[in-house]
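Here is a short briefing for a first look. Please keep the sequence and the 3D view open while reading.

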Amino acid sequence: MPTLGEIAKLIDAELIGDSSYKIDSLASIDCAQAQQLSYVVSRKYSEQLLNTLAGAVIINRSLKDSCKVNALVVTDVYLAFSKISHLFKPKISHNSGIHPSTDISQVHVADNCTIGQNVTIGSNTIIAASVVIEDGTTIGRNCTIGPNTSILQGTSIGNNVVIAPGAVIGSEGFGNARDVNKHWHTIAHLGNVVIADDVNIGANTTIDRGTLEDTHIHRGVRLDNLIQIAHNVTVGEDTAIAASTAVAGSAIIGKRCMIGGMVGIIGHISICDDVIVNAKSIVDKSIITPGMYTGIMPLMPHKKWQIVSIWLTKLDKITKHLNIKLNHLKGR
Amino acid sequence: MPTLGEIAKLIDAELIGDSSYKIDSLASIDCAQAQQLSYVVSRKYSEQLLNTLAGAVIINRSLKDSCKVNALVVTDVYLAFSKISHLFKPKISHNSGIHPSTDISQVHVADNCTIGQNVTIGSNTIIAASVVIEDGTTIGRNCTIGPNTSILQGTSIGNNVVIAPGAVIGSEGFGNARDVNKHWHTIAHLGNVVIADDVNIGANTTIDRGTLEDTHIHRGVRLDNLIQIAHNVTVGEDTAIAASTAVAGSAIIGKRCMIGGMVGIIGHISICDDVIVNAKSIVDKSIITPGMYTGIMPLMPHKKWQIVSIWLTKLDKITKHLNIKLNHLKGR
Amino acid sequence: MPTLGEIAKLIDAELIGDSSYKIDSLASIDCAQAQQLSYVVSRKYSEQLLNTLAGAVIINRSLKDSCKVNALVVTDVYLAFSKISHLFKPKISHNSGIHPSTDISQVHVADNCTIGQNVTIGSNTIIAASVVIEDGTTIGRNCTIGPNTSILQGTSIGNNVVIAPGAVIGSEGFGNARDVNKHWHTIAHLGNVVIADDVNIGANTTIDRGTLEDTHIHRGVRLDNLIQIAHNVTVGEDTAIAASTAVAGSAIIGKRCMIGGMVGIIGHISICDDVIVNAKSIVDKSIITPGMYTGIMPLMPHKKWQIVSIWLTKLDKITKHLNIKLNHLKGR
């Protein structure tokens, strides 16, 4: 466990507080406890900073007065956080074969599988050929893990889960901090992926682990092939998502939704329960009312599209030419 | 082979007919033969129901009069079908290494491959490292199967076929029946994937098996990387599809088509021969005339897009304000 | 090394020049040297043809006068090139285990990996389980190559590179020549993938090798999951691309760009440095000015979209009805 003094040195921070204070892990500002270090990137979170139970927080100068716990003051909070994140990333064993700490007596394990340390697998589960399961993973009963899948460190999978071939569960999230030279610094993702009971995950689908907390796939979810689920996403119970859809970081999808194929869902938004999104739409803002939504450009013969698309990009000029104002359209 | 009596019990159906009648497999209403069970979900198919050669059909009460063969009457036909589908799903052996029933004397098989029972592989075919081939698969001559691919149960592959690394052929289709509690019940997909001669399939592309009949990739087709081909799709001869495109269930694509990258093709539609679809378009209805089609939103500087997109979502109000009716535009 | 006489025979070409001239490889018209064969598909490149240093060039009849070096005259240049490309494709060894010519004494190699001939791997690099590395690949120091990845023949990877599970590096590009019967003939891709230092590549992402020259991922690039990078693409330093984006062949992306998720970038275009493209947009032409760009259809309640989309496809007729001409909008 590093001390705040050691951490301050690593990120070149001014330490306000106890340099011998020990930190055992990282957590977000709302969840952090006494032995945990958190961070706050802007004044928007000053209320949470005032009320945090964290042992210490990384902040910039402007937030000094809002911080009542140990503070690590830096110029670029997110960049400092990216550096520290690697301190707390558990090492993976990269063992050979099936580690002796893992009991597979109730499990059918096919050929060419690699299973790490302290993995738990429930009875009647089938692990197909060429599967790689990393350390600390838990897999429930009656699951089928398809060939050539990768189940990464610390993943938790419930009962009756089917994972199709080539899926990757627990890959690093796409989080990077940019320095003054515009170089990217990777954030080590310390959360896991938690998959509840009765979930199906399609072929070559990828689910990233959370940054500090976990990525959640709730009970009964159906995910088709080639879907991307980013870090910290939640997919609610009994929601089905069709192929080639991508869900960006920290999006929350409600229960019983039906998301079409090739839909894009942007990050940090919420979709309420019982929403249907038609194929190929983009969900570019939160949806708060159940119902069916669409946002696609209709297909046209190419020559027609060429003409329509010119007028389309001139809609602002057309309305100006016609002297139409937005308030003319109210009540229409 | 289960009897109709046993099946009726499993799905809690009223059986009209012979309870000792034996069923050996499932088939769609048009294809079913005497020892097969089929299903009909709505009155739309009452004509086919009247003419079916099926040994028995799952129907709801309203179709009783249109059924002249053994009938299993239930409240939710599709849900009942999802339950029965698992009865007829062949078990996979999940053997180790290369099963002795498979002759690989004419084949180059690299390291760490797993090959199941009763697999046939033609001469001069190369199976690269870490490939998993399940039971009952047939692969022709002069093929190259790339590393880390998964060729699942019962897949049929012609001669001179190239499958790039990470591809998954024969994954389960995305078919689920919803019960009254809005829980999903997976349908076991009993069809296979049939790939004809001279086909190329790209890296990490996924092709799902059919529900009852097969998914077909015809002679000479070129599929790029990261493509999704759903259950029961047909891709016609000499058609080329660029990367990251997704084709939904039961779509039929004609011959000599050129489908651009990241195109979405919705389910249950047809595209005729000699069609070009430009990149990123959605094909949201059948195409019956050869030619080039497009449906994309042009790229704009973000600030311009913000203004244009506001007017775009108000096109209905603008035309109302201007007192334009659809019939004003006829002949224009 | 084949002679021009042998090559002429293979592609049924009229040879103008020295039939005993030996060719050791293929190259594009601008780069080709004395022992190399090139090709020119149209008069557009007649200037380059006049100035080429190539030992020989495949041309059609109309370019005879512009060719001052050995010429192979054919009817369909691209089709002839596709046939010859296979002559120069190196064979892959498809060995078992780890080839003795590869030194892994400084490397951690997990279980079930297959590593080909003449592979170089730097110190402190980790090769996770079930990785396949083909002949002639170079991997730098301190890299992590995730489980179930495929690193294909001749790939070059710098230091401090992280490749996530299931990625495929060096797959064949999607290049095919069409004959008079509209059958596709695969072009063997002879270029490699060159990945510089400090690059991260996401899970199940695919990067194709170049046709004759290489595909380049420059220093500090971040690629998320399920991205497609086609043949001959260049991604500039410190550019980040979010998940499920596809970049078509020969596109050039500048430095420090941020490309959102599910963006489509068409082939043979350039994006300048410091460009931001918002999620789900299509880049359908070159971008020459830094800034933020968007091209998406906003999400609407489905019923509203149905009405808006009808008017949208009639924008040409609406403007005609209103007697608006494009020049009316100038200066607006």
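Predicted model: local features only at pLDDT ≥ 70, side-chain atom pairs only at ≥ 80, totals over all residues.

Chain A is assigned three stretches as domains: 4-88, 108-293 and 300-332. A rotation of 120° brings chain A onto chain B.

**Domains of chain A**

- Domain 1 of chain A covers residues 4-88.
- Domain 2 of chain A runs over 108-293, and domain 3 over 300-332.
- Between the C-alpha centres of domain 1 and domain 3 of chain A lie 50 Å.

**How chains A and B are related**

- Two copies of a chain are related by a rotation about an axis and a shift along it.
- Chain A superposes on chain B by a rotation of 120°, with 0.0 Å of shift along the axis. The RMSD of this superposition is 0.0 Å.
- The two copies are therefore related as by a three-fold rotation axis.

**A helix pair in chain B**

- Two packed helices are described by the angle between their axes and the distance between the axes.
- In chain B, helix H1 spans residues 4-11 and helix H3 spans residues 77-85.
- The axes of H1(B) and H3(B) come within 10 Å and cross at roughly 120°. H1(B) and H3(B) are therefore oblique to each other.
- The crossing of H1(B) and H3(B) is right-handed.
- H1(B) makes the contact with B:Ile7, B:Leu10 and B:Ile11. H3(B) makes it with B:Ala80, B:Lys83 and B:Ile84.
- Five residues of this contact of H1(B) with H3(B) are nonpolar, one is charged and none is polar.

**Chain A against chain B**

- Chain A gives 51 residues to this contact, and chain B gives 51 residues.
- On the side of chain A, the elements giving two or more residues are strand E35 (300-301), helix H4 (302-312) and helix H5 (315-321).
- H4(A) supplies the largest share of that side, four residues.
- The side of chain A that touches chain B has 25 nonpolar, 18 polar and eight charged residues.

**Chain A against chain C**

- Chain A puts 51 residues into this contact, and chain C puts in 51 residues.
- Strands of chain A that give two or more residues to the side touching chain C are E16 (168-171), E18 (184-186), E33 (282-283) and E34 (291-294).
- Helices H4 and H5 of chain A also give two or more residues to that side.
- The side of chain A that touches chain C has 22 nonpolar, 23 polar and six charged residues.

Conventions. Residues numbered from 1 in each chain as written. Chains lettered and ligands numbered in written order. Domains from an automatic or database assignment. Least-squares fit on C-alpha atoms with pLDDT ≥ 70 in both. Axes fitted to C-alpha atoms, helices over the stretch in contact; angles between N-to-C directions. Parallel < 35°, antiparallel > 145°, perpendicular 65-115°, else oblique. Left-handed = near helix turned anticlockwise from the far one by under 90°. Contact = placed C-beta atoms within 7 Å. Nonpolar A, V, L, I, M, F, W, Y, C, P; charged D, E, K, R; others polar.
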